[in-house]
Amino acid sequence: MSRRVGSSSGAEVAQNGGNKDVCPPKPPEGKVELHKKVTLLRGISIIIGTIIGAGIFISPKGILKHSGSVGMSLVVWIACGVLSLFGALSYAELGTCIKKSGGHYIYILETFGPLMAFVRLWADLIAIRPAGLAVISLAFGQYILEPIFTPCGVPEIAIKLATSIGITTVMYINSMSVSLTARIQIFLTGCKLLAMAIIIVPGFYQLFKGQTQNFENAFQLEKVQLSGLPLAFYSGMYAYAGWFYLNFVTEEVENPERTVPLAICISMAIVTVCYVLTNVAYYAVMTAEELLASEAVAVTFAERLYGKFSVAVPIFVSLSCFGSMNGCLFAFSRMFYVASREGHLPEFLSMIHIRRHTPLPAVIILYPVTLLILWSGDLYSLLNFMSFLRWLFIGVAVLGLIYLRYTRPDMPRPFKVPLFIPAVFSLTCFLMVFMSLYSDPVNTGIGFAISLTGVPAYYIFIVANKPKWVLRFLDSMNRSLQIILEVVPADN
């Protein structure tokens with residue numbers, strides 16, 4: 001498809017004076033490749049583990065604030081779950097007819113070509129992924145230390161140190177073993193669901209005891225503001241984001257034709273039910289006004305029902321954040337791996353460790369950028385600039401499903417959804433982009449400008465012919481990194 005970046009044939013290297021004395025490591029007997037180790041259970045844990053982060057425990061109040069009433073907020077939670085399921089089902093079809101890892105990137109590449117796919121990749125690489133990982137990791141750093149510093153506040157330097165340790169740990173785990181990463185993800189997903197059960201069960205016990213006063217007049221129409229409902233939906237869709245991460249690792253999924261759709265449907269059902277029941281439990285113990293005023297809703301809830309045992313809540317929140325960090329890194333490292341294989345990133349990023357069979361370079365590529373943003377940048381502003389791009393490119397990818405139905409009607413589709421499902425979801429995504437433009441045109445415009453730098457980058461780094469000295473340098477770098485990291489190109 002595209003020319004491979006940073007690669008050159010042996011003849012070119014010899015002709016250009018390449019270093020012949022530097023020999024890459026010899027792989028052991030057998031194929032060096034990414035094995036199919038993602039089972040149904042592991043697929044479910046990837047999806048649930050990345051969707052459920054800290055938000056439902058700390059600040060699930062954006063929907064209530066903009067919807068205006070308890071009843072309407074629960075309706076929005078359910079509606080956003082259904083809309084997210086539409087997107088997930090659309091991705092299930094894409095994942096079973098385009099059996100490549102890479103998620104959004106590979107679907108846009110297959111449908112709309114390399115330029116648009118590279119722009120998406122560029123935005124992910126320079127801003128979205130490192131800033132997003134840093135934000136999740138900061139929540140981990142804060143809540144893992146909170147029980148130690150209570151009742152005092154946690155110093156910022158301590159949060160950033162703990163965050164750096166967390167990022168380093170999750171990078172190390174993902175570099176060492178796919179099986180270890182998957183087992184840890186299953187454990188952390190179990191911890192998330194246990195934490196939600198600790199909230200749901202006593203909350204419903206209060207309801208059965210007759211504590212239903214907070215649900216009286218739940219659908220007061222005078223409090224519902226139609227102008228706020230789009231923002232409520234925006235908050236809800238953001239809370240469900242993460243259903244697409246299994247599609248980033250399609251090539252490592254056992255029997256993807258069956259596993260991908262099944263994992264997506266089971267995961268979305270579990271997450272939607274848990275989100276709605278958790279909010280019902282919150283309302284059983286707190287009024288809408290108290291929930292909006294709370295800085296950490298789950299902590300306030302636990303203090304009322306568990307007393308001193310509420311100290312366990314920050315620990316569960318930190319484990320939830322660590323699970324999101326682990327799942328996200330596992331998934332988007334495969335996007336960089338595939339992008340390198342397609343020629344949009346340097347060749348060494350598509351290499352695999354000779355013994356551990358992990359895409360080591362693709363896993364660690366974001367490590368220095370993430371730490372740099374964490375310690376020096378205003379990462380929340382950067383994330384605000386770029387977050388709307390997620391929905392823009394997801395909408396484009398789902399629109400590609402409709403496009404493929406007409407341009408490649410004979411394409412094998414083991415799983416097929418009715419066309420109204422991708423149509424409704426892609427329209428929802430584009431409406432969310434429009435809402436971003438309307439509500440915050442400055443930050444959205446800056447985000448567009450940053451992403452459009454990918455266009456000249458594409459023509460400079462991908463299309464343009466490179467001087468011989470650049471090819472020699474890239475080849476030498478590839479060989480050196482192969483030796484240092486003990487990686488080799490994957491066997492086809």
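Here is a friendly conversation about how the terms used for this predicted model follow from its values.

Student: What should I know before we start?

Tutor: This is a predicted model, in which local features need pLDDT of at least 70 and side-chain atom pairs count only at pLDDT 80 or more, while totals for chains, interfaces and linings use all residues. Residues are numbered from 1 along each chain as its sequence is written, and side-chain values use heavy atoms, with hydrogens and water left out.

Student: How many helices and strands does the protein have, and what makes a stretch count as one?

Tutor: The protein has 21 helices and two strands. Both are DSSP runs numbered from the N terminus: a helix is H or I with at least four residues, and a strand is E with at least two.

Student: Why are helix 2 and helix 14 called oblique?

Tutor: Helix 2 (residues 40-51) and helix 14 (residues 312-341) pack at an angle of about 125°, with their axes 8 Å apart. Axes are lines fitted to C-alpha atoms, for helices over the stretch in contact, and angles run from 0 to 180 degrees between N-to-C directions. Angles under 35 degrees count as roughly parallel, over 145 as roughly antiparallel, 65 to 115 as roughly perpendicular, and the rest as oblique. Helix 2 and helix 14 are therefore oblique to each other.

Student: Which residues make that contact, and what kinds are they?

Tutor: With contact meaning heavy atoms within 4.5 Å, helix 2 contributes Ile46, Gly49 and Thr50, and helix 14 contributes Gly323, Ser324, Gly327, Cys328 and Phe330. They divide into three nonpolar, five polar and no charged. Here Ala, Val, Leu, Ile, Met, Phe, Trp, Tyr, Cys and Pro count as nonpolar, Asp, Glu, Lys and Arg as charged, and the others, Gly among them, as polar.

Student: What makes helix 5 oblique to helix 18?

Tutor: Helix 5 (residues 70-97) and helix 18 (residues 420-439) pack at an angle of about 120°, with their axes 9 Å apart. That angle makes helix 5 oblique to helix 18. The residues in contact include Leu83 and Phe86 of helix 5 and Phe420 and Ile421 of helix 18. That contact has eight nonpolar, four polar and no charged residues.

Student: Why are helix 19 and helix 20 roughly parallel?

Tutor: Their axes, those of helix 19 and helix 20 (residues 454-463), come within 5 Å and cross at roughly 5°. Helix 19 and helix 20 are therefore roughly parallel to each other. Ile450, Ser451 and Leu452 of helix 19 meet Gly454, Val455 and Pro456 of helix 20.

Student: How do you know that Thr444 is buried?

Tutor: Thr444 has 3% relative accessibility, so Thr444 counts as buried. This residue lies in helix 19 (residues 441-452). Leaving aside neighbours within four places in sequence, Thr444 is in contact with Phe388, Ser436 and Leu437.

Student: What about Ile58: buried or exposed?

Tutor: Ile58 has 12% relative accessibility, so Ile58 counts as buried. Ile58 belongs to helix 3 (residues 55-58). The C-alpha atoms of Ile58 and Ser294 are separated by 8.6 Å, though the two residues are 236 residues apart along the chain.

Key
Buried < 20%, exposed > 50% of the residue type's maximum accessible area, 1.4 Å probe, protein only.
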